[in-house]
Amino acid sequence: MTCAGCRTSSELEVDFSMAFQPIYDADAGRVWGYEALVRGRAGEGAGEILSQVSADQRYRFDQDCRVKAIQLASGLFPADQELKLSINFMPNAVYEPAACLRATLLAARETGFPMSSIMFEFTEDERVSDTVHLTNIITEYRKHGFTTAIDDFGAGHAGLGLLAEFQPDLIKIDMRIVRGIDTSRARQVVVAGIVDIAKELDITVLAEGIETEAEFRVLKGAGIRLFQGYWFARPAFEQLPQVRPELLSPPAGLG
């Protein structure tokens, strides 16, 4: 089976790789996984790299990002740890869900990377008007054991309306909501509402963009388990940075 993207997408002219940022599990006191973040070879951020990708290259870029993330993670992730690899994907670059997964599945098979360790984050600056198409993508991904997530939840286009259409496994509360939450009653109320909704829908909540211990403490007290942000660790290019040592529980039998 082929799709329009497979037939018409042009080759990329930009060289990029991935940096990795840890996702911390506060309940377990360990790293839960790592998000793969696009970076240029000279340190360029994702926005600068994406600005060099033309409209007819979006499909190729989306596919190459997935393959690069899996290839790197397969060599970096310790074999004795069950870690998630979080990969961003662009719904508008997916033409046919099953066909557009071929490169992902092949990369996982060739590297021996477990399907169950892959999490796909829907992240898109532009509005996704075809929610049926997005739901079909999520359904197809779940068939292969992938975890699904909504990124930047609560800001921009990723809000309650989108959540009402389909329910992912995980939502990442946008940093604009959690930033300064320790001194903002309004933010605390909003986050409490999101946590309650997620609990009713059996969705895991992750708070991203954490920059201070005070933010972390308030969010943990609100019942959030997963965290990501500079306070825990900054992204490292083609490496796995560790979170603050004081946050890690000692191995069983050593405590």
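In this predicted model, strand S2 (residues 30–40) is largely enclosed by the rest of the structure, because 9 of its 11 residues are buried. S2 pairs with strand S1 in the antiparallel sense and is joined to strand S3, with which it runs parallel. Helix H4 (residues 102–111) has buried residues on one side and exposed residues on the other.

**Pairing of S1 and S2**
- Strand S1 (residues 16–25) and S2 are linked by 10 bridges in the antiparallel sense.
- Within this pairing, Met18 is opposite Val38 of S2.
- S1 and S2 make a hairpin in which 4 residues lie between the two strands.
- Gly29, in the turn of that hairpin, has a positive phi of about 65°.

**Pairing of S2 and S3**
- S2 and strand S3 (residues 84–89) run parallel and are joined by 3 bridges.
- Glu35 is opposite Ser86 of S3.

**Helix H4**
- The buried residues in H4 are Thr104, Leu105, Ala107 and Ala108.
- These residues lie on the same side of H4, because the arc they cover around the axis is only 160°.
- Arg109 and Glu110, on the other side of H4, are exposed.
- Helix H3 (58–76) and strand S4 (118–122) are among the elements that cover the buried residues of H4.

Note on methods
Residues are numbered from 1 along each chain as its sequence is written. This is a predicted model: local features need pLDDT of at least 70, side-chain atom pairs count only at pLDDT 80 or more; totals for chains, interfaces and linings use all residues. Side-chain values use heavy atoms; hydrogens and water are left out. Buried means under 20% relative accessible area, exposed over 50%, partly exposed in between (1.4 Å probe, protein chains only). The arc is that of the directions from the helix axis to the C-beta atoms. Contact means heavy atoms within 4.5 Å. Two strands pair if DSSP finds at least two bridges between them.
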